[in-house]
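Please look over the sequence and the structure before reading on.

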Amino acid sequence: MQQRRRSERGFRGHLEGLIAVVLVIASSVEAGQSLSPSEVATAIRESQIGSGVASVCIRDIETDRIIVDIEGSRPMIPASNMKLLTSGCAAISLGPEFVFRTEVFARDGAIIVRGSGDPALGDPALLAALEPPMSVDGLVDRLASAIAASGVTRVDEVIIDDRVFARERVHAAWPTDQLDRWYCAPVSGLNFHTNCIDLFLSPAASDSSGSGIREGVPPTIAISPRAPWLHIDNRARTVGTGKYQVWAARAPESREIAVHGEVGVPAQIPINVTVPDPSLLFGRLLATRLAEAGVTVAGAHDDSNPVNSEAGPRAGVRLAAPGDAPLEGDPLVIVTTSIEDVLRRCNVDSQNLFAEALLKRMGHEVTGEPGSWVNGAAVMRMIISDRIGADATAGLMVSDG
């Protein structure tokens, strides 16, 4: 199983087969019976995993004695099981008290946002779990209000300092035809809203009161977070059958999102589409909300100059340049996320972005260099070798988190 290349039907079949193997093992253990290699081999044959390949190693946790070994040392693609290694190594290298910090500074007419690689900043699921719940737009509004309340009245540019991570946001091995899906979200030193936008489609209303629908015309689309400058190519159509079958696509490196399908009822859940440059998206959101909060922001509303590019200061929003001076002074605003919350979201909800951010962050923490898949993988191999011996890493290949 490889998470980023599976079909839903194929994955479900593999999962059901593997569950069958696990149930056989669990039943024997629960009954206090010994477990033989032949029983496990039979369970694998009868599990109907099709072209799937099984590798099984069962050890006694008290004696470390191997009870069953069926191709147990065969290299396998672990899919989301990899998150367990990533999480464990991150917990060891970062420590249980580690906190991701996103800090906002004011300097020389600029607002500078320094990211720490936090994958949870603006995560709608975590915001909804707050008491009281908060929306992503509410979060950006609060940040802008706090900056304005600090006495900032004019901003010449918003600078996003994402240099904690290398700017290789998409792994070279990820499938290019799936880079618009949430599970292939780019990984940045400043992540926001799981590096996706959410699209909510509703049938086009026949009149201003909202009663009735206009069949055949494009549905209405609400975007979260609120970013009206984003270009949406609305190719979907309103239908009168109560149907809701829609999808969205974005070509690699493109900022244009095309929406397709038929909409007969309002969306209950959003369509998630990745954005290629989440740091700059956040920067423009902040610049826009600062302007709404009464702060004069140069270039914040210049739609002719695409903020979603690494343009210069006139664009209003830019990424920190390699030669920009390091930040000093007290931040105006700090947003924090505990490693506990990140680990929970990573593993309970199997959020790929969280695992990738942990891998890159441990690479930065140990090497002092911008976190990357390369130095993160090196740190993981080092920790595994230190904990369970060099033999365990002899055949280990770490691609991503």
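Helix axes here are lines fitted to C-alpha atoms over the stretch in contact, and the angle between two of them runs from 0 to 180 degrees between N-to-C directions. The model is predicted. Its chain has 401 residues, of which 44% count as buried.

**Overall make-up**
- The secondary structure of the chain consists of 9 helices and 16 strands.
- Of the contacts between residues at least 6 apart in sequence, 66% join residues at least 24 apart.

**Packing of α5 and α6**
- Helix α5 covers residues 136-149 and helix α6 covers residues 278-292.
- The axes of α5 and α6 lie 9 Å apart, at an angle of about 60°.
- Angles from 65 to 115 degrees count as roughly perpendicular and those under 35 as roughly parallel, and α5 and α6 are therefore oblique to each other.
- The crossing of these two helices, α5 and α6, is right-handed.
- On the α5 side, the residues in contact are D137, V140, D141, L143, A144 and I147.
- They meet F282, L285, L286, R289 and L290 on the α6 side.
- By class, this contact of α5 with α6 has 8 nonpolar and 3 charged residues, and no polar ones.

**Cysteines**
- A search of the whole structure for disulfides finds 0.
- C184 has 0% relative accessibility and therefore counts as buried, the cut-off being under 20%.
- C196, at 1% relative accessibility, also counts as buried.

Methods. Residues numbered from 1 in each chain as written. Predicted model: local features only at pLDDT ≥ 70, side-chain atom pairs only at ≥ 80, totals over all residues. Heavy atoms only, no water. Helix = DSSP H or I, 4+ residues; strand = E, 2+ residues; numbered from the N terminus. Parallel < 35°, antiparallel > 145°, perpendicular 65-115°, else oblique. Left-handed = near helix turned anticlockwise from the far one by under 90°. Contact = heavy atoms within 4.5 Å. Nonpolar A, V, L, I, M, F, W, Y, C, P; charged D, E, K, R; others polar. Disulfide = S-S within 2.5 Å. Buried < 20%, exposed > 50% of the residue type's maximum accessible area, 1.4 Å probe, protein only.
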